[in-house]
Amino acid sequence: MSIALDPLDRKILAELQKDASQSLDDIARTVGASKTPVWNRIRKMRESGLIRGQTTLVDPEMLGLEACFFVLIRTSEHDQSWQDAFLKTLLERPEVMEAHRLAGDIDYILKVRVSNAKAYDTFYQALISEVKIFNVTALLSMEEIKSTTILPV
């Protein structure tokens, strides 16, 4: 479900996506509006669920999480109990940054952040001990070329 946004809403969203820690004064000045209408629009976007929350972006390498793996998973299990166990396992693993169910030959792809290959193996061993998986392929990212949380508005 999409939501109707006017140009001012889009400018406000663009500013919030760039830096949500900006003051209301700064956002209003940048988008060319006064504080009250900007605040009301932000509140409405939060209430509608368009703005889901605020967070702080942290440099993973500075935390020692230097290895990013994309994990391709094929399974021969598709029943609800397997899916529930798989979801539970993913939600309990902080290494899993993203998980997507796919159409095509691969059933799932995970983005996993760990310190090194040994840490990935620990993750992998834990994963396969929790759920039955037909095939796992891990791809190590050699270089992050682009990473953003900013959506086009």
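Me: Which residues of α5 are buried in this predicted model, and within what arc do they fall when seen down the axis of α5?
Reply: In this predicted model, the buried residues of helix α5 are Tyr120, Phe123 and Leu127. They line one face of the helix, because the view down the axis of α5 places its buried residues within an arc of 60 degrees.

Me: Which residues are exposed on the other side of α5?
Reply: The buried residues Tyr120, Phe123 and Leu127 belong to one side of α5, and the question concerns the other side of this helix. There, the residues that count as exposed, with over 50% relative accessible area, are Lys118 and Ser129.

Me: What covers the buried residues of α5?
Reply: Helix α5 runs over residues 117-130, and its buried residues, Tyr120, Phe123 and Leu127, are covered by both strands and a helix. The cover includes helix α4 (80-92) together with the strands β1 (67-74), β2 (96-101), β3 (108-114) and β4 (135-140).

Me: What span should the 13 residues of α4 have, and how far apart are its end C-alpha atoms?
Reply: At 1.5 Å a residue, the 13 residues of α4 should span 18 Å. The model agrees with this, since the end C-alpha atoms of α4 lie at a separation of 18 Å.

Me: Which residues of α4 are buried, and within what arc do they fall?
Reply: Trp82, Phe86, Thr89 and Leu90 are the buried residues of α4, and they pack against β1, β2, β3 and α5. The face turned away from this buried side carries the exposed residues Gln80, Ser81 and Leu91. Returning to the buried residues, Trp82, Phe86, Thr89 and Leu90, they line one face of α4 because, seen down its axis, they fall within an arc of 95 degrees.

Me: Is Leu110 buried or exposed, and how far in space is Leu110 from Val71, C-alpha to C-alpha?
Reply: Leu110 has its place in strand β3, and it counts as buried because its relative accessibility is 1%, where the cut-off is under 20%. Setting aside residues up to four places away in sequence, Leu110 touches Phe69, Phe70, Val71, Ile73, Leu90, Glu98, Ala99 and Phe123. One of these partners, Val71, is 39 residues from Leu110 in sequence, yet the C-alpha to C-alpha distance in space is 5.0 Å.

Me: At what angle do α2 and α3 pack, and are they roughly parallel or roughly perpendicular?
Reply: Helix α2 (residues 24-31) and helix α3 (residues 35-48) have axes 9 Å apart and pack at an angle of about 105 degrees. Because an angle of 65 to 115 degrees falls in the corresponding class, α2 is described relative to α3 as roughly perpendicular.

Me: Which residues make the contact of α2 with α3, and how do they divide by type?
Reply: From α2 the contact draws on Leu24, Asp25, Ile27, Ala28 and Val31, and from α3 on Lys35, Val38, Trp39 and Ile42. By type, the residues of this contact divide into seven nonpolar, no polar and two charged.

Me: Which residues of α1 and α3 meet, and how are the two helices oriented to each other?
Reply: Leu8, Asp9, Ile12, Leu13 and Leu16 in α1 meet Val38, Arg41, Ile42 and Met45 in α3, a contact that divides into seven nonpolar, no polar and two charged residues. The axes of α1 and α3 come within 10 Å and cross at roughly 80 degrees. The two helices are therefore, to each other, roughly perpendicular.

Me: Is Glu15 buried or exposed, and which residues is it in contact with beyond its neighbours within four places in sequence?
Reply: Glu15 is found in helix α1 (residues 7-18), and it is buried because its relative accessible area is 9%, which is under the 20% cut-off. Leaving aside neighbours within four places in sequence, the contacts of Glu15 are Gln22, Ile27, Thr30 and Val31.

Definitions and conventions:
Residues numbered from 1 in each chain as written. Predicted model: local features only at pLDDT ≥ 70, side-chain atom pairs only at ≥ 80, totals over all residues. Heavy atoms only, no water. Helix = DSSP H or I, 4+ residues; strand = E, 2+ residues; numbered from the N terminus. Buried < 20%, exposed > 50% of the residue type's maximum accessible area, 1.4 Å probe, protein only. Contact = heavy atoms within 4.5 Å. Axes fitted to C-alpha atoms, helices over the stretch in contact; angles between N-to-C directions. Parallel < 35°, antiparallel > 145°, perpendicular 65-115°, else oblique. Nonpolar A, V, L, I, M, F, W, Y, C, P; charged D, E, K, R; others polar. Expected span 1.5 Å × (residues − 1). Arc of directions from axis to C-beta.
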